[in-house]
Amino acid sequence: MFKTRSVLTYSLILVVGFLTICPVAMLFFGSFSKGLGAFGVFTLDKYVRAYTDPALARIIVNTAIFVFGSASVATFLALFLAYLNNRTDIPGKFMFKVISIIPMMIPHVLFSVSWVLLLNPTNGLLNLIFKQIPLLQDFSLNIYSLWGMILVEGLLDLPIAYLIIAPAMASFDVALEESSRVSGASTWRTLFRVTLPVLRPAILAAFILGIVRSLASFAVPSVIGMPGRVQVLATHIYQMISTGFAPDYGKAAAVGMSVLATSVTLIFLYRYLTSESEKFVTISSRGYRPTVVELKKARYPLFAVVALLSVILIVLPVLVLFYTSLVPYSMVPSARAFSMISWKHWADVLSDPVSLLSLKNSVFLGVVGASLGVSLSLLVAYVIVKVRTKAAGILDSLSFLSFSFPGIVIGVGFMWFFVRTPLYATIWALLIGYIATYLPYGIRPLASAFVQVHSHLEESSQVCGAGTFTTLRRIVIPLLVPGLVSGWILMATMFVRELTLSVVLSRPGTEVLAVQILRFAEDGLWGRLSALGIIMIFISTTLVILATLVGARFKPVEGGG
Amino acid sequence: MKKFLLLLMASLLSSSAFAQDASLAEQAKAEGRATFYANITAIEPIMEAFSAATGVKGEYTRISTAKFVATVLTEFEAGKLMADVVQAPLPVLEMLRERGVLADYSSPAAAGYEEWTRKQGGIQLFGIEYVGLIYNKELVQAADVPKRYEDLADPKWKDKIVMANPASHATTISWLIGLKENVFASEDEWRDFLKGLAANNPMFVASFGPTPAPVESGEKLIAISMPKYIITKAPAPLDWARVEQPLLGTPRAIAITSKAPHPNAARLFVDYWLSSEAMTMLARDVGEYVLHPGIFPPIEDMDTARVLPIRELTDEEIQKWGEEFQKIFKVS
Amino acid sequence: MEIRISKVSKHYFSEGKTIKALDDVDLTIPANQIFTLLGPSGCGKTTLLRSIVGLETPDRGEISIGDEVVWSGQRHVFVPPERRGLGMVFQTYAIWPHMNVFDNVAYPLQTRKMSREVIRRKVEKTLQFVHLAGFAMRPATKLSGGQQQRVALARALVAEPKVILFDEPLSNLDAKLREETRKELRTFLTGLNITAVYVTHDRIEALALSDSIAVMREGRIIEIGSPKKIYFDADHRFVADFIGRANLIKARVTAQDKETTLVDSALGRLTCQKRDIAPGSEVTLCIRPEFFQFLPEGEQTSTNIVHGRIESLVFVGEAYEAEIRVKEERLISKIDPDASLSEGDPITFHVAPEHCLLITQ
């Protein structure tokens with residue numbers, strides 16, 4: 001077993017390292033090379049030019065506010081929702097599952113555009129409504145601002161934060177809270193002195209993932225930040241590579257390196273802060289059933305808050321999308337607009353062979369990619385949580401490498417890498433790139449699921465005569481089904497809407513949905529874009545439902561014999 | 001009537017030129033396909049028409065300007081350039097030509113094009129990515145429509161303009177420099193115009209793509225954008241301001257690659273691309289301004305408009321001016 | 001099957017300090033006995049058990065089960081736990097929550113690739129053996145703690161291993177259930193031809209269950225013996241103190257008789273169990289609370305009479321627990337619950353010489 005374990009650890013380090021280091025290494029070399037490729041004469045010039053830019057200080061301040069703000073929004077909302085769902089008698093619990101997953105499927109560009117339609121200062125729908133309300137006549141919200149960016153990015157990062165926090169909240173040992181209550185602490189005091197500190201690893205994980213995500217995010221800074229003239233690192237990098245006809249990705253990578261360094265530091269910090277986490281939240285075979293906090297009078301007001309959140313997160317953007325897909329051009333809703341509604345954009349999209357091919361490719365990448373990705377994540381998470389050697393720590397950090405590199409640049413790193421392999425311009429390049437970049441989406445939920453499986457459950461299987469892989473197959477994996485399902489869902493929905501890598505790596509025959517959507521966006525064809533966006537959400541929803549059904553099949557007790 | 005005749009003549013001329021070389025068509029057919037890397041969008045119908053007309057499969061990959069050089073050079077240096085034909089703004093193709101990526105091919109189909117469209121080393125210009133002032137014709141009174149570019153500096157347009165970010169969007173930067181060199185009498189006048197425009201606090205977006213939507217919906221009234229959207233976004237209430245001065249744009253260029261996997265299909269494709277058939281589709285369906293004589297986009301008055309190519313700008317110039325505009329427009 | 005452990009060491013490094021979990025342990029566990037590793041928490045008993053199973057690897061030494069060397073530092077032998085053919089009951093029972101009782105118990109047989117029919121028969125037999133017949137199709141998590149414990153036992157026994165290991169299996173049960181289960185366990189195990197290694201920190205469990213007990217401290221085995229030997233006749237002060245409540249009194253050997261040893265102590269001159277100790281040596285005198293024999297007033301015997309005064313008296317049901325003051329010493333003792341005594345009363349008692357244990361280490 002010990003041999004198997006270290007063989008497993010080192011082969012995973014090799015695989016994951018190969019996947020994630022290669023593109024980053026290409027960018028690293030590129031940032032030190034003269035010229036526009038990955039390899040050239042050594043120079044420090046790109047760093048000097050990138051870091052002596054006088055605008056950089058202001059941009060870094062903006063970026064810091066943006067990422068901390070949005071990670072806080074996401075984490076706070078996730079905690080709030082997870083607590084209400086798992087620990088209280090709030091009605092309508094089905095909503096939580098929907099809230100936690102649907103926003104994963106909405107392409108970030110579309111989500112941001114929806115918010116612009118709702119809250120732009122000139123004729124944003126909500127602002128128009130404010131004008132009709134007597135007391136709010138002079139009140140208007142401007143989405144094109146730092147707080148607007150924080151809000152939208154926070155909402156976009158909410159699902160991943162929720163998927164990390166909710167399982168921890170669900171498997172919480174209630175005796176810890178009860179002893180606090182018995183000691184005379186109020187519900188609130190218990191929450192702040194016991195519940196939250198015990199959940200610290202999950203909260204930190206969600207927060208740090210939120211930071212890493214928003215550091216790499218481009219959609220919100222570009223759609224909301226640019227019109228508001230709020231520049232963050234992502235748009236700064238974009239400006240570097242879009243000004244002129246021969247953009248220097250090496251120089252952009254030089255800036256990207258400090259983003260990467262920040263992310264890696266944060267991840268190490270996280271590992272340090274949670275190194276004791278195993279003594280926290282764990283379940284054994286006895287199974288805890290957390291007590292339910294009765295909300296009493298607060299029950300319906302809180303329900304209303306959740307309902308409002310789901311309207312904001314899901315109903316509004318999807319409605320806006322649907323509306324946009326029906327009107328001939330961008331129109332503020334009016335009687336005239338409704339009179340012009342037609343299915344033209346839908347017909348255009350569904351009769352376009354490239355759109356149909358991209359649909360097929362994206363479904364393939366979603367299903368096959370997520371399955372392979374989750375399998376790899378399973379092994380990696382196993383090593384990270386159960387083996388816990390120094391090598392396992394290296395593996396954990398490796399898995400974040402290409403994930404935390406700014407999205408607009410990492411694609412070029414992958415291109416520089418894949419062009420040296422026979423996989424270039426095939427769908428497998430996309431598949432491998434996706435898995436390498438979004439590995440943390442599979443690893444995180446599985447790691448938290450692993451933490452909850454008491455080591456005795458595995459050890460007893462070994463003593464019963466089962467080897468490492470039999471134990472994985474018969475004991476560990478069935479216990480991990482919830483984690484596997486959420487990992488699969490995260491990866492599949494991500495892959496269906498992946499843009500940053502696809503836009504660089506897709507070639508004739510390997511078009512994918514998001515690239516097609518971007519093409520429509522670049523032509524300003526919002527109607528077709530929305531129609532395809534809704535088709536994309538529909539596909540993701542189908543995948544999520546299938547995954548949940550398959551997961552539910554495996555959950556009940558196995559038949560005898 | 002005169003226009004129609006011209007069109008007819010031109011199409012007769014070039015389609016005969018296109019059908020000229022039967023052996024090329026045979027060889028191309030044997031190669032099976034032609035791969036086309038382009039930054040121009042919405043050309044799927046032309047690809048289909050090409051396949052239908054020649055029996056050679058046309059494959060199109062859209063690569064944005066920002067990634068064009070990086071992608072093509074990366075593939076070229078690794079010996080894996082898949083493109084037979086490349087299309088991009090002229091400066092991009094010039095850069096590729098210097099690296100030996102392009103082959104010298106002068107298409108017989110370009111015979112009818114004006115002399116200045118034939119560039120060194122097989123680069124052929126076929127269109128101009130023309131920029132104009134697009135306004136919402138339902139919300140802007142006819143009398144208010146700008147008659148000169150300078151009118152955009154009028155305070156009545158404050159908070160009503162949308163444009164691509166002049167600190168980063170290369171085409172917009174080039175356009176502003178083009179105004180300086182082709183339209184304004186002096187740099188001072190031009191700078192006054194810029195200051196006035198900046199004072200009107202235009203909303204910045206990443207590229208031309210997102211510029212029409214705010215105008216259609218009424219969030220903004222006027223955009224520095226591309227007239228082609230009047231066609232592609234119909235029936236949106238868009239129209240273009242017929243300014244007294246010429247319209248400006250970056251030339252669009254096409255060339256075949258030096259190590260094309262399908263060299264004959266590549267030639268056949270360029271021949272087809274430059275034919276009146278393809279150019280008519282480009283003008284009619286996509287609203288592009290093409291350089292094929294006598295073919296114009298079906299936008300009212302566009303056949304009489306003056307559309308000038310902006311001179312080739314180096315990246316250093318674009319970046320330098322981008323920084324300058326960043327200061328003038330206070331993008332932080 | 002016999003288990004031989006020779007020169008096994010295991011060190012941990014934690015916060016810059018070396019912790020010796022196992023320190024050169026030599027031990028032979030005889031076949032077909034119930035053998036208990038007893039000691040306070042952190043003494044290394046669980047590490048030793050897990051090393052026998054193969055869930056942990058020692059740094060040095062050698063472990064063999066029967067004729068097979070399962071682990072050897074020098075010879076680089078490591079038989080993984082799944083190929084050692086053992087059974088084990090975990091402290092948490094480690095019942096797999098996603099399986100029912102049948103599947104939990106059948107698991108070891110399934111890994112041994114037995115036929116379905118054989119598995120069904122064996123599982124049935126084993127469930128009957130642990131009094132769980134008819135529970136096969138129940139979800140394992142729906143059982144009570146005691147029942148789960150028996151499922152775990154059934155799973156450990158079902159493949160008829162030659163060795164079964166227990167890691168504090170009763171510590172999650174409440175007091176009454178623990179007592180019942182302990183008795184059951186004893187019955188189950190004595191009926192089988194099996195070597196059982198049992199880890200606990202509970203001395204009553206150890207005394208009640210074991211054929212032999214090894215007392216451990218700080219990674220070393222201090223003393224091995226039968227429960228009676230450990231209780232009555234420990235060689236070490238630590239063992240005597242750990243295995244039961246004891247009064248430990250300083251004493252000095254004055255003379256050796258043919259059958260007894262004489263000492264001077266705070267309780268006066270006492271005749272003690274025979275020990276080969278030179279006169280003049282400092283020793284510890286150990287008397288367990290239950291061996292104070294109280295004498296009614298006036299009654300006299302020849303030796304080992306001590307006078308004192310009752311300092312406190314607590315009624316605990318089956319006895320009084322009394323604190324008796326004799327000069328400077330405070331002794332704890334058990335007194336019959338029907339004795340009519342009260343705090344402050346003078347008292348006289350006798351201790352039989354065979355219950356006066358002398359300890360030198």
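Q: What makes Val215(C) a partner of a residue in another strand, and which residue is it?
A: In this predicted model, Val215(C) of β10(C) is the bridge partner of Leu38(C). Residues are numbered from 1 along each chain as written, chains are lettered from A in the order written, and side-chain values use heavy atoms, without hydrogens and water. Local features need pLDDT of at least 70, side-chain atom pairs count only at pLDDT 80 or more, and totals for chains, interfaces and linings use all residues.

Q: Why are β3 (residues 34-38) of chain C and β10(C) called paired?
A: Pairing requires that DSSP finds at least two bridges between two strands (E runs of at least two residues). Four bridges join β3(C) to β10(C), so the two strands pair, and they run parallel.

Q: In which sense do β10(C) and β11(C) pair?
A: The sense is antiparallel, over five bridges. Ala214(C) stands opposite Ile224(C).

Q: What makes β10 (residues 212-217) of chain C mostly covered?
A: Five of its six residues are buried, that is, under 20% relative accessible area with a 1.4 Å probe, protein chains only.

Q: Why is the link between Glu459(A) and Arg50(C) called a salt bridge?
A: The term needs a side-chain nitrogen of Lys or Arg within 4 Å of a carboxyl oxygen of Asp or Glu. Here the N to O distance is 2.6 Å, so the pair qualifies. The count between chain C and chain A is one salt bridge.

Methods. Buried means under 20% relative accessible area, exposed over 50%, partly exposed in between (1.4 Å probe, protein chains only).
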